[in-house]
Every structure is written in structure tokens, then in C-alpha cells.
Amino acid sequence: MAAAAEPGARAWLGGGSPRQGNPTSSPELGAGSRSPSGPGSGPGSGPGSGPERAGARPLSPAAPGHSFRKVTLTKPTFCHLCSDFIWGLAGILCDVCNFMSHEKCLKHVKTPCASVAPSLVHVPVAHCFGPRGLYKRRFCAVCRKGLEAPGVRCEVCELHVHPDCVPFACSDCRQCHQDGHRDHDTHLHHWREGNLPSGARCEVCRKTCCSSDVLAGVRCEWCGVQAHSVCSAALAPECTFGRLRTMVLPPACVRLLSRNFSKMHCFRISESTAPEPGEGEDSVDGSAPAGPGREVMALESSKQTLKIFDGNDAVQRNHFRAITVPRLAKSQEVLEVALRAYYITEDPQGFQLQALPAPALAGNTGASGKAWSGGTTEEESSRGPGARDAPSITRVPEAWIIRALPRTQEVLKIYPAWLKVGVAYVSLRVTPQSTARTVVLEVLPLLGRQAEGLKSFQLVEVLMGSRQVQRTVLADEEPLLDRLREIRQTSLRQMSQTRFYVAESRVVAPRVSLFVGGLPPGRSPQEYSSLLDEAVASKAGLVSVSHVYSAQGAVVLDVACFAEAERLYMLVRDTAVHGRPLTALVLPDVLHLKLPPHCRPLLVFVNPRSGGLKGRDLLCSFRKLLNPHQVFELTNGGPLPGFHVFSQVPCFRVLVCGGDGTVGWVLAALEEMRHRLACPEPAVAILPLGTGNDLGRVLRWGPGYSGEDPFSVLVSVDEADAVLVDRWTILLDAHEAGSGENSVADAEPPKIVHMSNYCGIGIDAELSLDFHQAREEEPGKFTSRFHNKGVYVRAGLQKMNRSRGLHRALRLQAGRQEVQLPSIEGLIFINIPSWGSGADLWGSESDSRFEKPRMDDGLLEVVGVTGVVHMGQVQGGLRSGIRIAQGSYFRVTLLKAAPVQVDGEPWVQAPGHMIISAAGPKPCFKVTWHLAW
Ligand SMILES: CCCCC/C=C\C/C=C\C/C=C\C/C=C\CCCC(=O)O[C@@H](CO)COC(=O)CCCCCCCCCCCCCCCCC
Ligand SMILES: Nc1ncnc2c1ncn2[C@@H]1O[C@H](COP(=O)(O)OP(=O)(O)OP(=O)(O)O)[C@@H](O)[C@H]1O
């Protein structure tokens, strides 16, 4: 990415970047002045460590870290502070981060420049970037430019960035759990600048605070409150989670010790949404990877493009940033542009550019002898890039590496890790004699902790990468100045993202809960232990089985060592037992005793495979609106991990996003887990993502979700009433295939399934089966509800003339009574007044033989259909089914194998018995008003 001034802006006032002078004196206590915008509040945001450009006067003393200058505007431009149009020809532009403002607005700018933003982060938390996507009218949080080309966004907060800008993004994601490092109980707003939804109004002045032209306005990532960045200063800093407060799982109530598990693993975000290969794995590289799309473009002859590396690591990876400078630019100007490309605003006097000969790009990190430093003479500058006498681009080395000049001392900020709120720090002068130990010794009295003795504290180096935050405890004798030099040699960006904490030495005992699913069901704890020993050789002293879910073939392991947990996690995901692949998930602990009394957190399950395929987007939205730890993707281990995590929560609710099959899947898992839950009967709401969505329809969640605002969905869940819906148990006792009714040889042990909507035998199950087989074969084709219904119709048309005489292939008993069957092709037991995507099979006519059907009366209705034409007529509202019986206990004897569907999930049932009996009414959520879906 070229680091030239914003297109359309021409330099008006010459000169470099005015920065606050005043090199930090030693020692000094930094105060936490809370900044309402950007990555959290921070200390005197200013320039911190390293040499500062002396004598320069900032255009705006309030604006943290910006390098503002006046520019002449050559195209329509908007102010990033007030978002209004900048009338006239003059604007104020930050040369480093492209913040543009009215001159009059400048004094109010609190948004920090990207160059200092890392130093203002409260608690470093890495992001979780998803795959590249097109985000129209969104702006990059680093360079502030539009995301016209594909960009990336964090899966758990609203951060949007260009792929090239990822390495420069602050590690300022939402802190969604306690990790034993910087745990806190007070919860503050987590402000994110810009990209507000259209129509956003300021909480303070009630005027519009969004903009589709620039990155402007702020929004709290937890409660969603929105404001102008200036107005937000008037809001109380504490966040109470807003409208969704009773649903959100508070981060202070979730604990997850994770060490090297990535955020993707912690939030169980599946690999398909993980970043593309080579797209800025969070290493220490500070630049964009080179590639065909990034090759340096041919430019008009007055300009040249140079590849700039910021350290050995970037050279090794061939990750550079391209800068465009006039061919006749002075070397000092080139160095300034190169530093700006890496968001470094320290004095260029402290740096030099070293030429990198072409072969070195393949891995030689040693630069050639040619060097140019900030304090230049005319003669030196002629040797550097952009040399005046360079006749052609071939004479100028194309690649340069920025090197920090050796420093004999420097000023370092040391943060006390135990301070829960605010980021007060101590500035210390570090000399060649300083070690980690001497630094701690010097800092403790300044923080009033000297009485506790040196042994109780350690110096921790924290690398705040945008994708991963890494902590390293420094050895007591580690020479600090050497360490700083080493970091700068590796990467200058890494230096600006590294922070040093004095932390208490108490060791947090490692403990990781690892869910392992996909094991054979019905085994004892000992059998599961030996199965796992065989499969992945788990280490006895470090790993124990804490929970066994024998019916589901799953266990939860308690692992007392991070390295072992990481090894097991990777290995389990690569292992199959008895031909079935295992699932591994890292699960958090919910600290249920800390939950506020009003809190009834929502446990969300999403099936991304359901009918309309809207699940992926919803997963992302719910992770952002709630705590990602309460959102579970069903294709990643099913419903069990979610219920396990919530098992101790005294009162919770469930939202199932999926079709009828998915709702049935979650309700069945709930049935199995009920006795192990502190809240055994949570009410269940439905977001209908499937094809038929019959239960969703009758509970008034609508015929199918089609992209409505996920926030309003959550609000309607919060406002819904709990109603009771009968659940039914179906015992399937199959005899040997092809055997008669009197056969005694059972093919397989009896099986139990649960039902809440309907159970069909015959033609409707046959169509379901055709549909499901077609979807299994080509899932990519089943992308819309409309298309899915077309597949049912096609399957139906093929079976129009089919006549199997189902009534001859089965016997029906209602209670103790044998029921005579009319001539039918399908027999359907219905609990709700919706089947086959909204059709009313029973019909509305009153009938003295039967009670009026209800879904909570403990009765099932039984109807017959004569074939596909009859079903079509029912679908068209022209006819109803043939009413056969009503009751609470049924026994069906299948004389031949027959297709059976329960809540739309079909299979072929071997001959034998099916016993349908009431399992009792269960609570479900019903919306009291009809949503316009
Ligand atoms: C007169 C010719 C009519 C030909 C119609 C052809 C075929 C389709 C007919 C009926 C399909 C009916 C039921 C679906 C079958 C099985 C599903 C049972 C289980 C179930 O409900 O599962 C659901 C779980 O959520 C999922 O099921 C569905 O989503 C089913 C969607 C089916 C949509 C079919 C729309 C068909 C519209 C046909 C309207 C025809 C009206 C013609 C009336 C005049 C006739 C003379
Ligand atoms: N109990 C279950 N176990 C495993 N997978 C299931 C279960 N129930 C549903 N699924 C799978 O989830 C996917 C989506 O099913 P779902 O019922 O949510 O959507 P649908 O079939 O499109 O909609 P509908 O059931 O409303 O017609 C299907 O591939 C289905 O096989």
C-alpha cells in the first residue's frame, strides 16, 4: 500500500509531521486520561518512548498522536469528526492515518492516530478475522480509507480492515471472558469508531451520528449505544449491556484459560471462516505479503515505487509495503514516507534505510552496506533512495529495510498488571545496565508495592498482535536495552505493539476443558478413558475425564497442562474412532455464582445447513450482539457442548436457529440432558431458517427468516411468552428385515426418537427421503427455500401415480382400540396445525367425533392421505386429510419396511412396532405479536 497523502489532497504547508516534543523524563507516572473513542481510554497518549521530534508544535494538542497538516482539497471531502462536508479548499489531514478534519473541529479530536493506538489499548485482546468479503460503504479502522476491495472483519467485534492493514490493527477486540491475566469486574463501554448502521442517532444530542462517507461516530461493542465521538465523552463510562442485558452472558462470568489456543478455537469458529492462507498469520511481520496483486506498478517517470521492509522478519517472509515517492525526493523525505507506511511517527533521526539487494529478498536478512540515516547531509542523501542524480529506476535499489539506530538509553513505559481500570504506567529510563530485575526494583516503590518484595513480581513482555496476544515472562537478568534492540531488528511494528507489565508472580494453574465428541455411545467412563488412551495417548497425570455423556458418545476432559491440551485438541480433530471422526472443542467455564440476579442468558444454537442457508451470517451477528461464548454452531459438535457449558446456569433460555429438524435435534438433546441441568426446562425460541418451519410458524416466529435485523430478533425473543407444546416419544422396535409379525429375532435394539410436530409413514416420508438424499448429494444446490420446495414438488410429480396400498402394510392401534384404515398412501400423526410447510392437514371443520386439536392437550391427531394429488390439494387449501383417530397412545405395526419421517427427518424403518406416547408438555416461546417475516 502506498503511503502517499490521500488522493485529492495536496500539501499546503510544507514540513514534516509536527509531534509533541517533551521527551519523557525519568521516572514519571502516567495518568489515565479516558478517551471516549478509539481503542479504549488511555494515558497521555502521546508519543511515549523513543526520541521525539523536538521543537515541533502540534496543530491540535488534544489529538492523540496525529501528524496533522493543512492541505488543499481537490475533491469533495468530509470531516472524520463531525462527518459534515468540508466547505472551502482547506482541510486538516493526518499524514499517517489519513484522519481528515475541519480546522474548527481539530481541537475536539480525541480519536488516536493509528501510530499510537496500540499504546492506548486497555486490555490487549486479539481479533478473530473471518475470510475476505466485500463490505460496501465500510471503512478501514487503520488507514481510514474505504473498503472498496475485499476487506476482512473481526467475527466478534465490528472492526473492519483492509487485508494489508491487518498487522497494524490494534489488539482491541472485546474481552469476552476472564483469562487470569487482567480480570476485572467493572464493565466499561467498548467503543469502536465508525461503520455505524445507517440512521444511527447520537445518544447524547439525538442527531444523526453515522456517515457513509467517512469513518465517523462511535458505537459500544457491547450495549450498542451510538454517539458522535465528541458527545461520547458525556456518557458514563460503565456499560450495562443495553437492551439485551438480560440475555448477554457477562464476560466477568466466563472463564477460559487458553494460552496458545487461537480466538477461533476459543469461540469455536469453524475453519471455513478462518483467514485465507498467507493472509497475515499473526506473526511479527509488519507488512503486506508480496504477491501478483501487489506487484509494484509501473508509474509515470517522475515517481518511483520502493519496497520497504521493517525488519528481519519481514525480509524473511518477503512481506513489504510499497511506497511511492518522487524520483527527485530527498532521502529524508523517503525515510519519512517509509516510516509512515509502518505507522511510525518517531523522529526519523533515530532510523536509517538500508539497501537490500534483490537476492537478499529470498531470505538473507543482512542488508547491504548502503545506508541512509535520518540526520543526513546532501552528499549522503544522494546515495539513498530517490537520489537526485539517479538517472533511472534500475540504478536505485528497489528494496530497503528500515533500521533503528542503536540507542544508548531510552524511555520505556511499564504498566502495572494489577490495575483493573485505566492504564496508568510508569516511564523509566533504560540504560545498558538495566535488567528485568532492576526495572521491577525501580518500579515497585513508585507504585507503592515495594513492601511485598521483588520475588512476588516479574516483568512480562506482551506482544499485542492483531491476531494473537503473546505473553513472555522475562528472565531476571535479561538486559532490557538489548531486548528492545532485538525486537526492533525483528520488526519495528512489533516494537510499537509490545508492552511491558510488572505482574504478580503468582502462577495461574492451567486448566482446560476439552469436549471430545463422536465416540461410540453407551460406554463406561473407564472404557472412554482407554479408548482415548489408544487413540491419542492422553497423559494420565495431566488429563482426567470430568464428564461422561455416554448416550451421546462424548466426554469432557479436564487438562491440567496447556501443552497437553493443545496437543490433544489438534490430535483429536485428526482422529477417527470406529470409522467416525472425533470432534474437539475448547469449552469455557460459566461462573454461574457470579451471574447477576436479573440475568437469564440466551443459549443460541445455529444450524448453517438449514434450508435458506442464512445461518453463517446469523452466527456472525449473534456473536457480535451477545457474548460469542453463548453462541454454538450445531455442525460443530451438535447441541451437547452448549448444554454442557450452561449446565450450572440457574435460569437460561434457548434460541434455535434452523428448520424443524434442527429444532427437534436440540429438543431431543435437551431431553437427554435435562436431569443434568440446573435449569431443566428452559423455554425455547425459534428463528426459522429451514424449508418447512412448521413449528416456527405455529409459534408465530414466521414462515421463514429472510434477513431481518438480528437485534430485533433478540428483542422479540426477550419479549416472547412461554407456552407449552406437547412432546412425544416414539419407540421403534424393529424386527429383522423381511420377517413377519411373529418373528422373534430383533435386527437391532429398540430406539427412541422424540417428536413435537408430526410423524409420517408412507408417501410424505418418501418425498422427504427423496429431498434429503438429493440434498446430501449436492448440498451446494440447496441454497434457497424456494428451490427446496421445488425439489419436493419434482419428487411429488414423479410419484403421482404411485400406489403401494399402505393400509395393507400396517396395523394401527389407538389406545387399546384397533383402528380400521381407509385406502391410503400416507398415515400422519400431527401435534401442531402445520405440516409440509404450513399446510393444515386436519382442517378447520368441527367434528363431533373428536376434540378440537391443541398442541398442549396431550392428544395427537391421525390423518391419512391418498397420494401426492391429495397432498397437493391439502397444500392448495382445497382439501384436508382423512381424519382417522385422536389419542395419546398409539401402536403401529409395520408389516413391511416403510419410509418414516419425524419432524421432517426421514429414514426407512424396518418392519416391527412403533409405539407413540406422550412425553409431557414442554415450554416453548411464542411471540405474542406477529413478526413481518
Ligand atoms: C395436483 C398435483 C399436485 C402435485 C404436487 C406435487 C407434489 C407436492 C405435493 C405435496 C407436498 C406435500 C408435502 C410435503 C411432503 C413431505 C413433507 C412431510 C414432512 C414435512 O412437513 O417436512 C417439513 C419439515 O419442515 C419440510 O417439508 C416441506 O417443506 C415440504 C414443502 C412442500 C412444498 C410443496 C408445495 C407444493 C405446492 C403444490 C400446490 C399444488 C396445488 C394444486 C392444487 C390443485 C390440485 C388439483
Ligand atoms: N437430529 C439431527 N441430527 C443431525 N443432523 C440433523 C438433525 N436434524 C437436522 N439435521 C440436519 O440439519 C440440516 C438442516 O435441517 P433443518 O431441518 O434445520 O432444515 P431443513 O430440512 O431445510 O428445514 P425443515 O426441516 O424446516 O424443512 C439437514 O442436513 C439435516 O439433516
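Helices H10 and H14 are roughly perpendicular to each other, in what is a predicted model.

Student: What are the numbers behind that, for H10 and H14?

Tutor: H10 covers residues 615-625 and H14 covers residues 710-719. The two pack at an angle of about 65°, and their axes are 10 Å apart. Angles from 65 to 115 degrees count as roughly perpendicular, so that label applies to H10 and H14.

Student: Is the crossing of H10 and H14 left-handed or right-handed?

Tutor: Right-handed, as H10 passes H14.

Student: New topic, ligand 1. How many residues surround it, and which are the closest?

Tutor: Ligand 1 is surrounded by 23 residues. The closest are Asp660, Tyr758, Asp764, Gly836 and Gln875.

Student: Which backbone has a polar atom 2.8 Å from an oxygen atom of ligand 1?

Tutor: That of Gly836.

Student: And what about the side chains of Tyr758 and Tyr792?

Tutor: Tyr758 has a polar side-chain atom 3.1 Å from an oxygen atom of the ligand. For Tyr792, the distance from a polar side-chain atom to an oxygen atom of ligand 1 is 3.4 Å.

Student: How much of ligand 1 does the protein cover?

Tutor: On its own the ligand has 950 Å² of accessible area, and the protein covers 78% of that.

Student: Which elements give two or more residues to the shell?

Tutor: Helices H15 (763-777), H16 (785-798) and H18 (868-875). H18 provides the largest share, five residues.

Student: How do the shell residues divide into nonpolar, polar and charged?

Tutor: Around ligand 1, eight are nonpolar, 12 are polar and three are charged.

Notes:
Residues numbered from 1 in each chain as written. Chains lettered and ligands numbered in written order. Predicted model: local features only at pLDDT ≥ 70, side-chain atom pairs only at ≥ 80, totals over all residues. Heavy atoms only, no water. Near = heavy atom within 4 Å. Polar contact = N/O pair within 3.5 Å; in protein donor to acceptor, adjacent residues only side chain to side chain. Areas by Shrake-Rupley, 256 points an atom, 1.4 Å probe, with all protein chains shown as cover. Helix = DSSP H or I, 4+ residues; strand = E, 2+ residues; numbered from the N terminus. Nonpolar A, V, L, I, M, F, W, Y, C, P; charged D, E, K, R; others polar. Axes fitted to C-alpha atoms, helices over the stretch in contact; angles between N-to-C directions. Parallel < 35°, antiparallel > 145°, perpendicular 65-115°, else oblique. Left-handed = near helix turned anticlockwise from the far one by under 90°.
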